[in-house]
Number of protein chains: 2
Amino acid sequence: VRTPDGPAGDQKQDAKSVLSRALRIFDTFDDNHSELRLSDIARRAELPLSTVHRLVGELVAWGGLERTRDHYRVGLRIFELGTIAPSWEQRRNAALPYMQDLYEATHESVHLGVLDGPDIVYLLKISGHQSRVPTRTGGRRPAHCTSLGKAILAFSSRAVQDDLVEKGLEAQTERSIIRPSAFYEDLALVRERGVAYDNQESVPGLACVAAPILDRDALPVAAVSVSGPHVRVNTQALAPALRAAALAISRNLANASPTRTAR
Amino acid sequence: VRTPDGPAGDQKQDAKSVLSRALRIFDTFDDNHSELRLSDIARRAELPLSTVHRLVGELVAWGGLERTRDHYRVGLRIFELGTIAPSWEQRRNAALPYMQDLYEATHESVHLGVLDGPDIVYLLKISGHQSRVPTRTGGRRPAHCTSLGKAILAFSSRAVQDDLVEKGLEAQTERSIIRPSAFYEDLALVRERGVAYDNQESVPGLACVAAPILDRDALPVAAVSVSGPHVRVNTQALAPALRAAALAISRNLANASPTRTAR
């Protein structure tokens, strides 16, 4: 059974719906659905199998999807495209050497993250043999429970903070700070100290410390953190190292972007 | 002036061409064109401005592109999508701790790469303050001139090698090995030694050493390398470290993929 692709005679509308269908195909892939059959894609995208068959074929030809036997997965072309965005690339480049120093000094997991809506997206994670931290480059987590998120939010405008609080602070563990007044108090402390802590607020047993990376206008564009088991990692002792690294990365980033308008 | 989106009355054909137009928009972005105006995109994609305006609007709404004033760039959604592909993610995860060890032991740039057609694509680069190596995560380079490429090709089938050679071995520096017979001899040496060298064959002044990461069927699925200035890096002294790291990563990867069919 084939469902028509759009209202007949309205080419603009049709063109739009074809692209949106292809994008819905990409949206069916996530961490828990990284390899899908055609029928899975059709079901998850709520599209007719024939439409999915046709669009997936074109996406495979382009490199956006890859076929392995009867499964499909996101292709190398998408990975490559995703590394072109100049702003993320600049931040990763500016941060990486200092993240390597933090790793070498602690042998714990080191993250670089940016705020995206209510979430932190990890631009880069580096870690060694000891790491059991359940994060990954490209992954995301609710910002309000993470040290990275709090480090960025504390130096963001009140409007950004209020927007996040209004969407609701959902608990990730029993230690998550979800009462708005307590959350604002915590952000005030972060501003005062220059670092943010996550004491098992995002993942049970995990302790993190983060410092914000600021641009020339003192606005936070990312944050850097060290995370590890709370029984092993002394986050307070690491605070000066995080602050120093974040200052160095901020300076590095400012030097990398020659003009104010370029960011 | 609006150009029709496809042959009227042929909806299948039209649907296909709409998607291919959107994909051509993505293809206009690369390392040297990471921020583009609408008019740049239209010119580079060879599409009417009105079509580009409409499709870009939808890609921005989805998160595939981002707008900054009058420029567009690849969006965070693409970066995230690109990190989902299970095969790359598995290889990065298996390799990262050993890459960190190699970095800590050498303080030079450490790369993980896979073969894609005639190129190496860097799945991950880690480096410190000393690094001036002109590579990046997500970047690509002609495989035949790189230690990563030669490490993978030497353990690939003769068909894969022949295919690459038939496409032509283009020189990247005056030291690039471009004569087919010399190239096959070099690959034989790589097989014998278990490591591949790049002695300024890809970038003047740069020396690299790489070892292949093999799956359970002894087929190469990636390679790991250390690169640095040829006056500083003793690639022969590093060869055992690379072989050991590659063996450990291969073992790690085999343990991470429970079934043969899952790869």
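Predicted model: local features only at pLDDT ≥ 70, side-chain atom pairs only at ≥ 80, totals over all residues.
## A helix pair in chain A

The crossing of α5(A) and α9(A) is right-handed. Who touches whom here? On the α5(A) side, the contact is made by Gln90(A), Arg91(A), Ala94(A), Ala95(A), Tyr98(A), Leu102(A) and Thr106(A). On the α9(A) side, the residues are Leu238(A), Ala241(A), Leu242(A), Ala245(A), Ala248(A), Ile249(A), Asn252(A), Leu253(A) and Ala256(A).

As for the geometry, α5 of chain A covers residues 86-106 and α9 of chain A covers residues 235-256. Their axes sit 8 Å apart, and the packing angle is about 155°. Angles over 145 degrees count as roughly antiparallel, and α5(A) and α9(A) are therefore roughly antiparallel to each other.

For the complex, the predictor gives an ipTM of 0.87 and a pTM of 0.88. Chain A has a mean pLDDT of 90, with 91% of its residues at 70 or more.

Over residues 1-13 of chain A, pLDDT stays under 50, and the model has 25 contacts beyond four places in sequence for them. Residues 259-263 of chain A also stay under 50, with five such contacts beyond four places in sequence.

## The sheet in chain B

Over in chain B, there's an open sheet of six strands, paired antiparallel, in the order β5-β4-β3-β8-β7-β6. Which strands are at the edges? Those are β5 (140-142) and β6 (196-199) of chain B, each of which pairs on one side only. On average, neighbouring strands of this sheet are turned by 30° against each other, direction ignored.

Now for one pairing within that sheet. Strand β3 of chain B (residues 109-116) pairs with strand β8 of chain B (residues 220-229) in the antiparallel sense, over five bridges. Opposite Gly113(B) you'll find Ala223(B), in β8(B).

There's a helix to go with the sheet, too. Helix α6 of chain B (residues 147-154) lies across β3, β4 (119-126), β6, β7 (206-214) and β8 of chain B. Against β8(B), helix α6 of chain B runs at about 150°.

## Two copies, one axis

How do the chains relate? The same surface serves both copies, since 100% of the contact residues of chain A recur in chain B.

Technical notes: Residues numbered from 1 in each chain as written. Chains lettered and ligands numbered in written order. Heavy atoms only, no water. Pairing = 2+ DSSP bridges. Helix = DSSP H or I, 4+ residues; strand = E, 2+ residues; numbered from the N terminus. Axes fitted to C-alpha atoms, helices over the stretch in contact; angles between N-to-C directions. Contact = heavy atoms within 4.5 Å. pLDDT = per-residue confidence, 0-100. Parallel < 35°, antiparallel > 145°, perpendicular 65-115°, else oblique. Left-handed = near helix turned anticlockwise from the far one by under 90°.
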